[in-house]
Number of protein chains: 2
Amino acid sequence: MRTELADRFGIDYPIFGFTPSQHVAAAISRAGGLGVLGCVRFNETEELDAVLEWMHENTDGKPFGVDVVMPAKIPTEGSKVDLDSMIPPEHRAFVERTLDDLGVPPLPDGDRVDAGVLGWLHSVARSHVDVAMEHTREYGQIKLIANALGSPPDDVIATAHDNGVLVAALAGAKEHALHHVQAGVDIVIAQGYEGGGHTGEVTSMILWPELVDAVGDSAPVLAAGGVGSGRQIAAAIALGAQGVWMGTYWLTAAEYQLGKAEGVQGPSTVQQALLKATSRDTVRRRIYSGKPARLLKTRWTDAWDAESAPEPLPMPLQNLLVAQAHARISQADNPDVVAMPAGQIVGRCNEIVPVADMIAGMVAEYEEAVKRLGSTLD
Amino acid sequence: MRTELADRFGIDYPIFGFTPSQHVAAAISRAGGLGVLGCVRFNETEELDAVLEWMHENTDGKPFGVDVVMPAKIPTEGSKVDLDSMIPPEHRAFVERTLDDLGVPPLPDGDRVDAGVLGWLHSVARSHVDVAMEHTREYGQIKLIANALGSPPDDVIATAHDNGVLVAALAGAKEHALHHVQAGVDIVIAQGYEGGGHTGEVTSMILWPELVDAVGDSAPVLAAGGVGSGRQIAAAIALGAQGVWMGTYWLTAAEYQLGKAEGVQGPSTVQQALLKATSRDTVRRRIYSGKPARLLKTRWTDAWDAESAPEPLPMPLQNLLVAQAHARISQADNPDVVAMPAGQIVGRCNEIVPVADMIAGMVAEYEEAVKRLGSTLD
C-alpha cells in the first residue's frame with residue numbers, strides 16, 4: 001500500500017488517522033500510518049503542549065500531525081460573554097427542556113463547562129498552531145497540520161512550511177479544493193457526504209475523483225468519508241487518491257479512552273452507542289456547530305428534528321449553545337442520548353479492536369482486493 | 001474487466017446500462033455491456049412489443065435486459081378515475097400555479113397525457129413482464145429482468161427462471177438485499193444515495209461492500225449510484241461488486257433521442273440541462289413518484305422546496321399528480337425547468353458521446369486504474 005505521499009511522509013501506509021485521542025493517534029503512527037491529533041477540545045495551550053509531549057514520548061520517533069479548526073471567514077469573537085448574549089432565550093429554553101425530557105441530569109456541581117468550545121474560536125485555534133510549531137521545532141515529528149474548515153490563513157501556511165510541515169485542508173466541493181490549492185495548501189482532503197462531522201452534499205464516490213481531476217498535479221488528494229476497510233482504501237486509490245483520511249473508524253479502537261471514567265472496564269457509553277449503530281443511524285444536521293455535520297442519530301438529534309424545535313444558530317453560537325448540553329449528556333452515560341459526530345462507516349464499527357490490529361486487517365484486505373482486481377485483466 | 005457475472009451473461013464487460021432508450025440500450029449491448037431497457041414509459045404492451053422487436057433487430061444477437069417497476073407492496077389500484085379522486089385539489093392548484101409561474105405553457109391540444117403513468121401500476125408492470133417473456137421465448141436474447149422497487153412477486157421470479165432469465169432487484173439497504181435473496185432474486189443491485197431516481201440514505205462507498213458482505217455467496221452484487229468512469233468501475237470491483245449498473249451517465253449518449261423533436265440537431269433540452277449541471281445540482285425529493293428519488297435540481301424542484309409548497313403525496317398518487325406537469329414541462333423546452341431523475345454523476349456528463357466511445361473510454365481507464373493499484377504493492 002505504497003503511494004508517493006506515503007513515501008513523502010516516510011510512513012508505511014497512506015492511512016491518515018484523525019482522532020481527538022492522543023492514545024489512538026500515537027498508536028496509528030506506531031502502526032505505520034500517520035496519527036493526526038484533533039486539537040479543538042483543548043481550551044488551554046498548556047494542556048495541548050503536555051499532550052504533544054506525551055505523543056513525542058509514545059511514538060518511537062514516528063511522524064504525526066495535528067488538526068485545528070480555523071473557519072475560512074474569521075467569525076465575530078469578542079469575549080465569551082458577548083457571544084453568550086447573542087443566543088436567543090428560546091434556544092436555551094429548548095435545550096433545557098429537551099435535556100429534562102431525555103432524563104439528562106444537571107451537572108453535579110452546577111458549574112459551567114466550556115470543554116471543546118473555545119477551540120472553535122479563531123484565536124484559540126491559532127494558539128494551537130503556535131504550540132504545534134514550537135513542538136516540531138524541538139522534536140521534528142509533527143509533519144502535518146490539517147484545517148477542518150476552509151483554507152488556513154496565509155501566515156499559518158507560511159509558518160508551517162518554514163518548519164517543514166505540510167498543510168492539509170478539508171474540502172467538500174470542487175470550489176473549496178481549488179481555493180485551498182490557490183492559497184498554498186499542500187494536500188486536499190476530499191470529504192464526502194457520508195463522512196462524520198462537517199460534510200457537503202456530494203458523496204465520496206463522486207467527490208474523490210472530481211477533486212483529483214480538479215486539482216491535478218497541484219496537490220495530492222486524501223480520500224475521506226466512508227473508509228473503514230481495506231477494500232475502501234483500494235477504492236480510494238483506484239479513484240485517484242494518494243491515501244485515506246479516517247476519523248469515525250477509530251472511535252471504537254481499544255485505545256480510545258475519552259469519555260470513559262477512570263478504571264471503567266469495557267466500552268464507554270459513546271462506544272456502546274457506536275457499536276450498535278448501523279450505517280443508517282446517522283443524520284446530517286446543523287445542531288452540533290451551526291454548519292451541517294454528520295452525527296450519530298440518537299434521541300438528542302431526534303429532539304432537534306421535532307417540529308417544535310428551533311432552527312440551529314450559526315457558528316459559533318450553536319456550539320456555545322450546546323456546549324453545556326454536551327457536557328451534561330456526556331455525564332449522563334446513556335447510550336441512547338449521545339451527541340457525537342460519526343460517519344456512515346459507523347455501521348462497520350462493530351467491535352473494540354486495538355489500532356494495530358485495525359491497520360493490519362485493512363492492509364491485508366487491501367492487498368487481497370488489489371490482487372482480485374488485477375485478476376479481472378487476465 | 002472480466003468477472004464471473006460477465007462470463008455468466010456472455011458479455012465482454014460487466015457494465016449493465018439502464019436506460020429508457022432502446023437506441024442506447026442496443027448500443028450498450030453491441031459494445032459489450034448489457035443494455036437494460038426501462039419499461040415504465042410504455043403504457044401499451046403493443047408499443048413495448050414493437051420496441052423489443054427493434055432491439056432484436058439491432059443488437060447482433062447480443063443479450064440485453066428489461067427493467068420494470070413493481071412496488072413490493074401492491075398499491076391500491078382501481079381505475080385511473082378512482083385514483084384521480086384521491087388527489088387533493090390544493091395539490092392540483094399548486095402544480096397549476098407553479099407551472100404558470102415558471103412560464104410553462106399548457107399542452108397545445110388541451111388533452112390529458114398519461115405517458116409514463118400507467119407503467120407505475122402493478123398490473124401494467126406485469127404486462128411488461130409477459131411481453132418480455134414472450135419475446136425471450138422467441139429470440140432468447142432477454143437474459144435479465146430487473147425490478148426497481150422491491151422484490152418481484154414469486155410467480156414472476158419463477159416464470160423468469162423457467163425462461164432462463166435472471167432476476168435482479170435494486171436495494172438501498174441491507175434489509176432489502178436480504179429480502180431479495182430470500183425471495184429468490186439472483187442479482188442484487190446496490191444503489192447508493194448518490195444515484196439517480198429512487199435511493200436510500202446510505203452512500204455507495206458504504207452500501208456496496210455492506211451488501212456484498214450481507215448477501216455473501218447467495219447473490220452477486222451490481223454497484224449502482226455514482227458510476228461514470230473507469231476508475232469508479234475499478235472502485236466498484238475493489239469493493240466486491242461483480243459489475244456496475246449505470247443509468248444517468250447514458251442520458252448524454254449521442255444515441256439518446258427521447259424528448260427530442262424529429263429532425264432536431266444537437267442536444268435535447270434535457271441534455272442541455274444535464275450538460276451544464278455539476279455534481280451539486282441534484283436533490284433527493286419525494287416529488288417525482290411519492291418515494292425519495294434523486295432529480296436534477298431545476299426551478300421545478302426549487303418550487304417544491306418553497307415553504308408554501310404542499311407535502312408530496314404517496315406513490316402512486318404523486319406520480320398521477322405530476323404526470324400532466326411533466327408532459328407540459330417536456331413540451332416547454334426550457335433547460336431551467338426540467339423534471340428529470342439524475343444522479344450526482346451528472347457532474348461528469350459534460351459532452352454528447354456515442355455509447356461505444358463511452359464504453360471504450362471506461363474500459364481503458366479501468367485498466368489504467370487497476371495497473372496503478374497493482375503498482376502500490378511493489
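Here are some notes on how the two chains of this predicted model meet, plus a few residues worth a look.

1. Some housekeeping before you start. Local features in this predicted model need pLDDT of at least 70 and side-chain atom pairs count only at pLDDT 80 or more, while totals for chains, interfaces and linings use all residues. Residues are numbered from 1 along each chain as its sequence is written, chains are lettered from A and ligands numbered from 1 in the order in which they are written, and side-chain values use heavy atoms, with hydrogens and water left out.

2. Start with the interface. On the chain B side, 42 residues are in contact with 42 residues of chain A (contact means heavy atoms within 4.5 Å). About 3,700 Å² is buried between the two chains, with carbon and sulfur atoms giving 58% of that; buried area here is the accessible area (1.4 Å probe) that two parts lose on being put together, summed over both.

3. Six salt bridges run between chain B and chain A (a side-chain nitrogen of Lys or Arg within 4 Å of a carboxyl oxygen of Asp or Glu). In one of them, A:Asp213 pairs with B:Arg231, and the closest N and O atoms are 2.9 Å apart. Sorted by class, the side of chain B that touches chain A has 20 nonpolar, ten polar and twelve charged residues; nonpolar covers Ala, Val, Leu, Ile, Met, Phe, Trp, Tyr, Cys and Pro, charged covers Asp, Glu, Lys and Arg, and the others, Gly among them, are polar.

4. Stay with B:Arg231 for a moment. B:Arg231 sits in helix 10 of chain B (helices are DSSP runs of H or I, at least four residues, and strands are runs of E, at least two, numbered from the N terminus). B:Arg231 is buried, at 9% relative accessible area (buried means under 20%, exposed over 50%, partly exposed in between, with a 1.4 Å probe and protein chains only). Beyond its neighbours within four places in sequence, the contacts of B:Arg231 include A:Pro209, A:Val212 and A:Leu239, as well as B:Glu365 and B:Arg372.

5. A:Asp333 is not a glycine, yet has a positive phi of about 55°. A:Asp333 lies in the loop between helix 13 (317–332) and helix 14 (355–375) of chain A and is partly exposed at 47% relative accessibility. B:Asp60, also not a glycine, has a positive phi of about 50°. The loop holding B:Asp60 runs between helix 3 (45–57) and strand 3 (64–68) of chain B, and B:Asp60 is exposed at 60%.
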